[in-house]
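Student: I'd like to go through this one with you, charges and strands included. Can we take it question by question?

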Amino acid sequence: MCDTDRLQRLFRQMHHAEPLIVRAPGRINLIGEHTDYNNGFVLPAAIDKAIYVAINKRADNKIYLYAEEFNETYIADIENLRQPKFHWSGYVLGVVEQLLKTQKHISGFNIIIDTDLPVGAGMASSAAIEIATIMALNELFELRLSQLDMVKIAQKAEQEFVGLQCGVMDMFSSMFGKKDHVICLDCRSYEYDYFPFKQDDIKIVLLNTGIKHSLASSEYNTRKKQCEEGVAIIQQQYPHVHSLRDVTIEMLNACVEKNSTIYNRCRFVVEEIDRLLAGCGDLQHNNIKGFGKKMFKTHDGLSRLYEVSCNELDILVDLVKTNSAVLGARMMGGGFGGCTINIVKEKAIEELIYDTRNAYRERTGMNLNAYVAVIEDGAAPVKESVRM
């Protein structure tokens, strides 16, 4: 866990002032991958690993950013925001740009970013930075934004400034997470329900391939366009269809050439939405075993139909699928690297990590990092500063 006292001391040393500190967690997503930007459902939860920002106002329009993890400083000006290419500061500056577009009055600020959330591991570190930033600015400048307002601003920041045409899931789960619960979020209406996720004798284990993914430079945006192309084809026969949320397998089979790239992309999303809704029923009846089987099916679809997995992710799922202590496993996140998410019987975790780490090294020559994720509450201020 990040040491907020140490972060506070660092801020004092660098800026000679008391900071406001805000925590915004990363997320896991049990099931429902690549469904959010297709107006479907997702089933995420906030976790006990997070981004922390320490911030205070400046008297000018300068923004001084420092990332502790990279030991790197970036300086910007509110009146002349520029997008730094593939740079962590873009997630902060994108939020600032959105506030300026909505005529919110803010001045310059100093901000230090620290984290215990693995970056590039598929736990939505970028969304956590955006949510931590917008919440900190909302508190600091008394902007009176609602939680949903802040989520939408964070999403637009990533879409318009960073250039990733993401859905709303990552930001929403970082903001609205609830301890010991997952969120069934309707990405079309923003309606949501909490489902209890009992962690008494099972735990969520994340196995990190060590392959970092950059969604903006991967084929994420391409997948979104392919889904939209499928919708356009189906609309010719079914005008009421606005997204893959509205499509059934029967409609897809009638309109799109089977086994084509567009068909496979759409088929995965349509099946995944149905799988998630059935999975919510499993959770209501505490049928974790049935839920876990759906996770394995999700991975198969992500690998074969949606083609966003990679060799290392497939290896990790393959290594655990015959282990009776693993109830479910799949790749998590946008793809092409990052982590697998595994539901594991608590007593078997240590042995599973040991065996999988050795087998993974034999198969890939790479080291394997593992994390036990605990479902926690969403974003919140940690320490209040005296406002200028």
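Student: Is Asp170 buried or exposed?

Tutor: Keep in mind that this is a predicted model. The relative accessible area of Asp170 is 19%, and the cut-off for buried is under 20%. So Asp170 counts as buried.

Student: Which residue forms a salt bridge with Asp170?

Tutor: Side chains of opposite charge can pair when their charged atoms come close. Here the closest N and O atoms are 2.7 Å apart. The partner of Asp170 is Arg27.

Student: And how many residues apart are Arg27 and Asp170?

Tutor: Arg27 sits in strand S1 (residues 20-29), while Asp170 belongs to helix H5 (residues 169-176). That makes it a pair linking distant parts of the chain. The two are 143 residues apart.

Student: Is Arg27 buried or exposed?

Tutor: Buried means under 20% relative accessible area. Arg27 has 4% relative accessibility, so the label is buried.

Student: What about Arg12: which residue does its side chain meet in a salt bridge?

Tutor: Arg12 has 35% relative accessibility and therefore counts as partly exposed. With 2.7 Å from N to O, the side chain of Arg12 meets that of Glu18.

Student: How far apart are the closest N and O atoms of Asp48 and Lys49?

Tutor: Lys49 is buried, because its relative accessible area is 12%. A salt bridge needs the nitrogen within 4 Å of the carboxyl oxygen. Asp48 and Lys49 do form one, with their closest N and O atoms at 3.5 Å.

Student: How many salt bridges are there by this rule?

Tutor: Some share partners: Arg6, Glu68 and Asp114 are joined that way into one network. By this rule, the count is 21.

Student: Last one: which helix gives the largest share of the positive patch?

Tutor: The surface patch is formed by Lys289, Lys293, Lys297 and Lys345. Lys289 counts as exposed because its relative accessibility is 55%. Three residues of the patch come from residues 288-304, that is, helix H9.

Methods:
Residues are numbered from 1 along each chain as its sequence is written. This is a predicted model: local features need pLDDT of at least 70, side-chain atom pairs count only at pLDDT 80 or more; totals for chains, interfaces and linings use all residues. Side-chain values use heavy atoms; hydrogens and water are left out. Patches are made of residues with over 30% relative accessible area and no salt bridge: like charges are joined within 9 Å, nonpolar side chains (Val, Leu, Ile, Met, Phe, Trp, Tyr) within 5 Å. Accessible areas come from the Shrake-Rupley method with a 1.4 Å probe; for residues, only the protein chains shown count as cover. Lys and Arg count as positive and Asp and Glu as negative; His and the chain ends are not counted. The place of a charge is taken as NZ of Lys, CZ of Arg, CG of Asp or CD of Glu. Helices (H or I, at least four residues) and strands (E, at least two) are DSSP runs, numbered from the N terminus. Buried means under 20% relative accessible area, exposed over 50%, partly exposed in between (1.4 Å probe, protein chains only).
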